[in-house]
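Please consult the sequence and the model alongside the text.

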Amino acid sequence: MNELFSLQGRTALVTGGSRGIGRMIAAGFLRQGAKVYLTARKAAACDAAAAELSALGPCISLPADVSSVAAAQALAAEMARREPALDILVNNAGAAWGEAFETFPEKGWDKVMDLNVKTPFFLTQALHALLKAAAARHPAKVINVASIDGVSVNPLETYSYAASKAGLIHLTKRLALRLARDNIVVSGIAPGAFPSEMNKDARDHGEQVARRIPAGRIGTDEDMAGAAIYLASRAGDYVLGETIVVDGGVTHARG
């Protein structure tokens with residue numbers, strides 16, 4: 001059973017890994033034996049997170065803003081200089097924008113769609129050769145971090161965010177079908193309420209948010225790490241194109 005969920009000897013890249021869900025996933029991977037590269041837009045935060053997580057295992061900071069195709073390609077080139085293969089890619093970097101329908105701006109659409117949908121595609125494309133190199137030994141993994149807001153509708157006016165996460169869930173299916181021929185398994189996670197900079201409500205008002213969750217609590221680091229480890233390890237090799245909802249039952253309660 002330990003082998004089934006082991007990540008010993010595997011190398012992972014986690015985008016948006018300096019905080020929140022990305023950091024939870026990175027910490028879980030490290031505890032299971034992986035070598036983890038973190039990338040985040042703010043270099044100081046990325047460096048600090050990698051330094052702290054290094055107490056758990058080898059963790060390297062690669063600060064980058066992956067919101068453009070050129071930046072994604074540059075990050076992939078840097079990974080290729082450092083590693084002959086990449087076993088696990090976690091596309092977690094994301095953005096949100098909330099504003100009333102009447103005033104919702106174009107920049108609030110483009111920024112969110114670019115980072116949440118375009119970047120996962122083009123970063124996966126740029127890292128394709130490294131993923132295929134790892135897949136010669138065992139299935140390589142791409143894990144896209146979506147959201148329950150791409151599964152069911154919440155009352156917030158986050159139009160581009162909801163659309164982008166629904167798009168990412170569908171993109172996960174499409175990529176899974178194509179990359180399966182290269183022994184690359186693509187799957188996703190749709191988190192609910194986890195404390196983070198993006199979900200300040202869960203972070204700052206956890207007890208209040210928990211009242212709306214059937215499980216009676218917000219998500220923990222272990223909840224997120226467990227789902228990601230499952231998909232990244234041998235245990236998840238036969239899970240193609242699926243996005244696992246990790247939300248304590250919220251999507252079912254929404255109906």
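Is V151 buried or partly exposed? V151 is partly exposed, because its relative accessible area is 46%, where buried means under 20% relative accessible area, exposed over 50%, and partly exposed in between (1.4 Å probe, protein chains only). This residue lies in the loop between β5 (140–145) and α6 (159–179). Its C-alpha atom is 34 Å from that of A44, and the two residues are 107 apart in sequence.

The model is predicted: local features need pLDDT of at least 70, side-chain atom pairs count only at pLDDT 80 or more, and totals for chains, interfaces and linings use all residues. Residues are numbered from 1 along each chain as its sequence is written, and side-chain values use heavy atoms, with hydrogens and water left out.

**Overall form**

The secondary structure of the protein chain consists of 10 helices and 7 strands; these are DSSP runs numbered from the N terminus, helices being H or I with at least four residues and strands E with at least two. Along its principal axes, the C-alpha trace spans about 50 × 40 × 35 Å. Of the 255 residues, 53% count as buried.

V145, in strand β5, is buried, with a relative accessible area of 4%. Its C-alpha atom is separated by 5.0 Å from that of I189, 44 residues apart along the chain.

**Salt bridges**

Side chains of opposite charge can pair when their charged atoms come close. With a salt bridge defined as a side-chain nitrogen of Lys or Arg within 4 Å of a carboxyl oxygen of Asp or Glu, a search of the whole structure finds 10 salt bridges. Three of these pairs, including two formed by D237, are listed below.

| Pair | N to O separation |
|---|---|
| R23 and E52 | 2.6 Å |
| D237 and K141 | 2.8 Å |
| D237 and R234 | 3.7 Å |

The side chains of R23 and E52 meet in a salt bridge. This pair links distant parts of the chain, with R23 in helix α1 (residues 20–31) and E52 in helix α2, 29 residues apart. R23 is partly exposed at 26% relative accessible area, and E52 is partly exposed at 48%.

D237 forms a salt bridge with K141. Here too the pair links distant parts of the chain: D237 is in the loop between α9 (221–232) and β7 (243–246), K141 is in strand β5, and they are 96 residues apart. D237 counts as buried at 15% relative accessibility, and K141 is buried at 0%. R234, which also pairs with D237, is partly exposed at 45%. Salt bridges that share partners join E78, R81 and R82 into one network.

**Surface patches**

Patches are made of residues with over 30% relative accessible area and no salt bridge; like charges are joined within 9 Å, and nonpolar side chains (Val, Leu, Ile, Met, Phe, Trp, Tyr) within 5 Å. Accessible areas come from the Shrake-Rupley method with a 1.4 Å probe, and for residues only the protein chains shown count as cover.

F101, W109 and Y159 form a nonpolar patch on the surface, with about 330 Å² of accessible area together. Y159 lies in helix α6 and counts as partly exposed at 33% relative accessibility.
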